[in-house]
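Please read the points below alongside the model.

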Amino acid sequence: MRHAHTVEQVRAAEAALMARLPEGTLMQRAATGLAVAISNFLGGTYGARVVLLIGSGDNGGDALYAGAYLARRGAQVTAVLLSDKPHAAGLAALETAGGQAIPVTASSASNGTTAAQSAVAGADVVVDGIVGIGGRPGLRPEALAVVQVAERYGVPIVAVDTPSGVDVDTGETPEPHVNAALTVTFGTHKICHLVDPAATACGPVHLVDIGLDLPPAQVQALQAADIKALYPVPHGESDKYSRGVLGLMVGSAQYPGAAVIATAGALAGPVGMVRYVGPDAVASAVREAHPEVVGDGRVQAWTIGSGLGDELDVPRIRELLDAEEPVVLDADGLKALDDSGDHVDVLITPHAGELSRLLGVDRATVEAERLKYARLAAETFDVTVLLKGSTTVIAGPDGEVRVNTNATPWLATAGAGDVLAGLCGALLAGGLTALDAASVGAYLHAAAANLASGGGPITAIAVAQALPEATRRLLS
Ligand SMILES: NC(=O)C1=CN([C@@H]2O[C@H](COP(=O)(O)OP(=O)(O)OC[C@H]3O[C@@H](n4cnc5c(N)ncnc54)[C@H](O)[C@@H]3O)[C@@H](O)[C@H]2O)[C@@H](O)CC1
Ligand SMILES: Nc1ncnc2c1ncn2[C@@H]1O[C@H](COP(=O)(O)OP(=O)(O)O)[C@@H](O)[C@H]1O
Ligand SMILES: [K+]
């Protein structure tokens, strides 16, 4: 499990630990981990041209000490000072190790560019020590200017703790920010490392342990071992009913394919049987593709809504939402959701457009503030929310949040959401809670997409077909 803590939690844990350790110990741990990660990123340090962008806080201190470490191992290190109050001891350490420092405003002897811009343009790596967890969103003009030089010249940026400019506690990026090729963070993940759009700005995230003792995390990302432990594996005494039966109320004359695709997702999950309820012509199409599927009857969970189009029986859906069996509510079915019910076992699976309609805010706002709106919908409708997109955000009605980060952008293909709705329903029928079904569903859906894609295009059906193999690999 990857845990993401808030800035306030990190600061409290850091203060408690610092009170027990000699001064500077934590920064030394952070800086050493950072220097090793930069060295690995570069594939060696000797002769490497390293430029440090240094703000006024401890984030710059980390970068300066790491720069000193790299300079002692043969790197040519230049610190660009963005403030007139850089971390004094860090700067002294860098200079003692043979590194040099220049103010961001220093002009170059040769042409109109500044010395800082020339250094950045010719660097092998730029280290972003502008701000970390103490930063407000955005970059000041002089910082933005040097960051843009790195981008223009294709110089990779390694972010210290967080890419400067992102909103650390929400993952929002309302202002200009660093786009890192690698982020090296300390103690624990922060929310911006897991939640898009900031998560994308982090690139891969490397965590350095500095020994913090932390409280329970606000946001978690389940990993393979966690998913494996949750998956409902049948045992010797299982039969098709005890494994769980899923009812599907999906697809329509308008969208018969959605029914076929959602059924494929469901059958690739852990259920013993799938029942299809819908128009005769669609039921025939479903049975032609999946002869295992049977008709109406008792179920342990429902998937409702994918591809229902206008054929929406709102009173019937509301009856099912209020019944005992848990429900996955997807796509058109979301139109039947109201905020009056007691919906603890309901999992809704909107993309940003659908969530924006449910909440009455525009789509771009939902996409920019994914965590906030997933949480708001969970609270407003008393349901578990799985907000689809580049990172999937899962919010439970009691405030728990999980994030799924293993998807490939190739998964953004028509019908992929129908596979997910069918799979999540199967996991609910298999006995998982809505929060766990959403977590396992999102993870396996993405794992299957990666397997099917291998770096190329995929269809929704190919994702469903790869689910059994993705599950086998997880469980083996
Ligand atoms: N908290 C911890 O557990 C640890 C923190 N360490 C480092 O310390 C960092 C936090 O240090 P600080 O608290 O000094 O904070 P930062 O270094 O993140 O930033 C604080 C300074 O930046 C200025 N600032 C804020 N927003 C800005 C913006 N958008 N543009 C320019 N300047 C801005 C502030 O006025 C303040 O002077 C962490 O990110 C990490 O790198 C590590 O040394 C070790 C452990
Ligand atoms: N950029 C992306 N990177 C990774 N996964 C994505 C991205 N965009 C969308 N997805 C995933 O692709 C699937 C698309 O589902 P959805 O939008 O419901 O499509 P449809 O309605 O056509 O089935 C979701 O699981 C979503 O999380
Ligand atoms: K930073």
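The numbered points that follow go from the overall layout to single residues.

1. Basis. This is a predicted model, in which local features need pLDDT of at least 70, side-chain atom pairs count only at pLDDT 80 or more, and totals for chains, interfaces and linings use all residues. Residues are numbered from 1 along each chain as its sequence is written, and chains are lettered from A and ligands numbered from 1 in the order in which they are written.

2. Domains. The protein chain splits into domain 1 (2–218) and domain 2 (224–475), with bounds that come from an automatic or database domain assignment. Their centres, taken over C-alpha atoms, are 40 Å apart. Domain 1 and domain 2 each put 12 residues into the contact, where two residues are in contact if their C-beta atoms, placed from the backbone, lie within 7 Å. On the side of domain 1 that touches domain 2, helix 7 (191–194) and helix 8 (198–202) are the elements giving two or more residues. Helices (H or I, at least four residues) and strands (E, at least two) are DSSP runs, numbered from the N terminus. That side of domain 1 is made up of 6 nonpolar, 4 polar and 2 charged residues. In this classification Ala, Val, Leu, Ile, Met, Phe, Trp, Tyr, Cys and Pro are nonpolar, Asp, Glu, Lys and Arg are charged, and the others, Gly among them, are polar.

3. Ligand 1. Around ligand 1 there are 26 residues, the closest being Glu14, Gly57, Asp58, Gly132 and Gly134. A residue is taken as near a molecule or strand if its C-beta atom, placed from the backbone, lies within 6 Å of it. Helix 1 (7–18), helix 2 (25–42) and helix 3 (58–72) are the elements that give two or more residues to this shell, and helix 3 has the largest share, with 4 residues. The shell around ligand 1 holds 9 nonpolar, 10 polar and 7 charged residues.

4. Ligand 2. The shell around ligand 2 has 17 residues, of which the closest are Lys388, Ser390, Ala407, Ala412 and Gly417. Helix 16 (residues 416–429) contributes the most to this shell, with 4 residues. By class, the shell around ligand 2 has 7 nonpolar, 8 polar and 2 charged residues.

5. Annotated site. Which residues does the UniProt annotation "binding site" cover? The unreviewed entry lists Lys388, Gly389, Ser390, Thr391, Thr392 and Gly417. UniProt positions are given in the numbering used here, feature names are shortened, and annotations may be inferred rather than shown by experiment. These residues spread over 30 residues of sequence yet cluster in space, with a largest C-alpha distance of 13.8 Å.

6. Lys388 and Thr392. Lys388 sits in the loop between strand 16 (384–387) and strand 17 (392–395). Lys388 counts as buried because it has 24 C-beta neighbours inside 10 Å; the cut-offs are 20 or more other C-beta atoms within 10 Å for buried, 12 or fewer for exposed, and partly exposed in between, with C-beta atoms placed from the backbone. Beyond its neighbours within four places in sequence, Lys388 is in contact with Thr349, Pro350, His351 and Gly417. Thr392 belongs to strand 17 and is buried, with 28 C-beta neighbours inside 10 Å. With the neighbours within four places in sequence again left aside, the contacts of Thr392 include Val403, Asn404, Ala407 and Ala442.

7. Strand 16. Strand 16 and strand 17 pair antiparallel over 3 bridges, where pairing requires that DSSP finds at least two bridges between two strands. Leu386 has Ile394 in strand 17 as its bridge partner. The two strands form a hairpin with 4 residues between them, and Gly389 in the turn has a positive phi of about 150°. Strand 16 also pairs with strand 15 (residues 346–348), in the parallel sense over 2 bridges, with Leu347 opposite Thr384. From strand 16, Thr384 and Leu386 point one way and Val385 and Leu387 the other way, and all are buried.

8. Val328. This residue lies in strand 14 (residues 327–329). Val328 counts as buried because 36 C-beta neighbours fall inside 10 Å. Leaving aside neighbours within four places in sequence, Val328 has contacts that include Leu347, Thr349, Ala421 and Cys424.

9. Strand 1. Strand 1 (residues 2–5) runs antiparallel to strand 10 (residues 219–221), joined by 3 bridges, and His3 has Gln220 as its bridge partner there. Strand 1 is joined to strand 8 (residues 189–190) in the parallel sense by 2 bridges, with His5 opposite Lys190.
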